[in-house]
There are 2 protein chains.
Amino acid sequence: MKVTEDVLAKLRGILADPDRLLTSDADLYSYSFDASFGLHKPEAVCQPVSTEETAGIVRIADEYEIPLCPRGRGTSLSGGPLPVQGGIVIDFSLWNSKLVIEEEDLIAIVSPGVITADINNAANEFGLMYPPDPSSAHVSTIGGNLAENAGGPRGLKYGVTKDYVLGLEIVTADGKVVRTGGKTVKNVTGYDLTKLIVGSEGTLAIITEATLRLIPKPQASLTCMVLFDEIVDAGRAISKVLGSGIMPSKMEIMDQSSIIAVEEYASLGLPVDVEAILLIELDGHPLAIEEEMQRVAEACKEVGARSVQVAKDKKEEAELWQARKLVSPAIVKIKPTKISEDATIPRSQIPEMFRRLKAIKEKYKIHLVVFGHAGDGNLHPNIITDQRDPEEMRRVELAVEDIFKAAIELGGTLSGEHGIGTMKSPFMEMELGKDGLALMKSIKTAWDPKNILNPGKIFPEEGERFELRNG
Amino acid sequence: MKVTEDVLAKLRGILADPDRLLTSDADLYSYSFDASFGLHKPEAVCQPVSTEETAGIVRIADEYEIPLCPRGRGTSLSGGPLPVQGGIVIDFSLWNSKLVIEEEDLIAIVSPGVITADINNAANEFGLMYPPDPSSAHVSTIGGNLAENAGGPRGLKYGVTKDYVLGLEIVTADGKVVRTGGKTVKNVTGYDLTKLIVGSEGTLAIITEATLRLIPKPQASLTCMVLFDEIVDAGRAISKVLGSGIMPSKMEIMDQSSIIAVEEYASLGLPVDVEAILLIELDGHPLAIEEEMQRVAEACKEVGARSVQVAKDKKEEAELWQARKLVSPAIVKIKPTKISEDATIPRSQIPEMFRRLKAIKEKYKIHLVVFGHAGDGNLHPNIITDQRDPEEMRRVELAVEDIFKAAIELGGTLSGEHGIGTMKSPFMEMELGKDGLALMKSIKTAWDPKNILNPGKIFPEEGERFELRNG
């Protein structure tokens, strides 16, 4: 126990409202998990609503060498906010007071607790858009998105969270308030601390404000659903479309297991005998996307698509996307535990990755469902299992390890958009090598010598191995 | 002198061809300057053509603690490649052997000496594009572009060099070869070392290979030239266009001084009585840009443009761009010395920045010409002077300092695309503050404790002040 009565008294002195310091067992329990694995109870939870309060908390943690774990709405799929070494959780979800659109400069300035979808909605009112769209966007906070560098389907055309961050206000490990970047898209004044901090999962600094880049909102969008008898043809269709000079805003894939799961769950009338469905969205000028959609349809048919269905109106468009949206709720009906991975590969390797995933599924006799952002190679192999079955969980652990190995062997990466957290840290050296990992660690040590900022994340502990267990 | 006979012998042992070690006085002189200010002769120049050779050179420099300055074609406008503390220049311009387009993955893999424009040309053959287009693209190497995070007119719509770098091979200060990032657009495996190294001006690591992201090449483009009696209306036109949901590929501005200079130089028939010209390029689907160009023209007229001329064909388009291209050659006809700045401001501040630049011009009685990438607030105030006139140079120094102060006061940055180098390091603390600068410096110290990688750049020396002098 590092959070002594003395520390609690000091924290109370910093928070303008003492109710924003939580210490009851029930409260602490509700901060002990996220959307991934593991149960780790904090010793206290603070809910700051200003930079001053945040810096004050950090200075106390620095003085007493107490672990600090920043947290938004806890939707992390990699263990990002879990207090694995105890200490204080800093819950930013109440601090949603700032959401300013500066229309002329095409920027938004936000406090860390703002819900991500609210930023896009606010931008829409000015004819602008905030593109990053993780599937949790209606629940997750921008602070969490920044910490994990969240992605989403639109990543294909528009990039990820990091591509939209121009500047940050941060609190350093010793409680200093520093601004990085600014309000301009072009900025080469020294090292790019902004892009270093985004995606660093709360281990380098705590983000208290972000300046985000907005872009003009596309005027229109069109969606089609393409059916493939062979999944390898879906891979060829992706290459064909991108090679023809068209950049869709989304290219999502569902494999046969996903299709069957959705169909059993919701009876949408999806054909359960196809190996893959591609959902392709184009956005932009209405005249342009209409003509482009014809070329997309032709390209898909040329590589052997069974059929191409273009949505005729917004209602039909919503229906087509319904299939993709229902994958996650559908698969947890099969078994209660879902391990959602985001191993990402160069898009040319999509067919080979599907082959390897099939082999892994058979080898370990697991229920593996694959869907995701095929256009940028960011697949989501999801293992459906039951954590109460330790023998099955052991097979799942080995399967996950094989999935990571396959991704890296194919020139890909452990994580496309979920982050490393606690879930993937044992595999870091496999991807980065000893020297690459040492370069990262040297930055961590330089910035946070006492290791109080989200300790136990990203970097593997000595001899750590991958285990899926709660509590 | 740190490069002793002993060191030279070892360097000769590393380079497969001894002719790629240059030590003659004439050779060393030709490496003593770039396109900015200052004359600094290296003690030796190495021209590696492989990672092994580069790592070998670095290990010798590490052993003997010799400064290493990586260099491409020396087009830097900020002093990036200058060996201000002597030592060895590593000239990468011969190492242009690798330029591989992996069409299906939409990537290019390049060695550091490849000319930037050659990458785009190679991509074009596959219907793809490498968007960054610094005006030096036909001369400068990708290695230099990566070191300085080069921009260009297309930055408005497409971003800068950093936005197109997926992975790097680097040599660290102690001679280790490390790979960062990879081939995928989405990658959140640990800290983003790739984006930290791009733009670090050779001070953190030496880049030996880069994996670049390509995008589908837009099918068509259209250009218009818009004349404004009042420069403030040009600023309003930029906001109006961007606010209407249109994202031009380029929005370039020329102020009256630039127009007069070009007209005196080349007699293109430009009206010398207007305060500003905007050149706007749209790219994308032919049907879309045709309709959008009408809206651009209407938007410009609504805010008071004198006239809008849309190029009818590629020939006329090239003629319109000729005006912008001739600014640099035109202004050096006025006086021999050109100080090219790249102070960048939020685009809403463009009219105010123009007001301030006018006041600075009058205060210091200097010849100031302003043009640049107005769409993203990245202006190029150029001071035309004569370095043989020390009294005038003193006024120029004060004017430059005032330009930087104005940019920062308006929420902007010292450098949008040229880098800090030796030219702007004295102003770093003004923008970043002591704590922000200390965070950057701590990374430098962690990665390069002997300070051998491009020393004297980015970080101000104790008590350093801004001076413009050669030799």
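Helices and domains of chain A

α13(A) crosses α14(A) in a right-handed manner (right-handed if the near helix is turned clockwise from the far one by less than a right angle, left-handed if anticlockwise). This is a predicted model, in which local features need pLDDT of at least 70 and side-chain atom pairs count only at pLDDT 80 or more, while totals for chains, interfaces and linings use all residues. Residues are numbered from 1 along each chain as its sequence is written, chains are lettered from A and ligands numbered from 1 in the order in which they are written, and side-chain values use heavy atoms, with hydrogens and water left out.

Helix α13 of chain A covers residues 350–364 and helix α14 of chain A covers residues 390–409; they pack at an angle of about 160 degrees, with axes 10 Å apart. Helices are DSSP runs of H or I, at least four residues, numbered from the N terminus. Axes are lines fitted to C-alpha atoms over the stretch in contact, and angles run from 0 to 180 degrees between N-to-C directions. The angle therefore makes α13(A) roughly antiparallel to α14(A) (angles over 145 degrees).

On α13(A), the contact (heavy atoms within 4.5 Å) includes M353(A), L357(A) and I360(A); on α14(A), L398(A), I403(A) and A406(A) are among the residues involved. By class, this contact has 9 nonpolar, no polar and 5 charged residues (Ala, Val, Leu, Ile, Met, Phe, Trp, Tyr, Cys and Pro count as nonpolar, Asp, Glu, Lys and Arg as charged, and the others, Gly among them, as polar).

The domain assignment includes domain 3 (220–326) and domain 4 (335–409) of chain A, with bounds from an automatic or database assignment. Their centres, taken over C-alpha atoms, are 22 Å apart.

Terms used: Helix = DSSP H or I, 4+ residues; strand = E, 2+ residues; numbered from the N terminus. Parallel < 35°, antiparallel > 145°, perpendicular 65-115°, else oblique.
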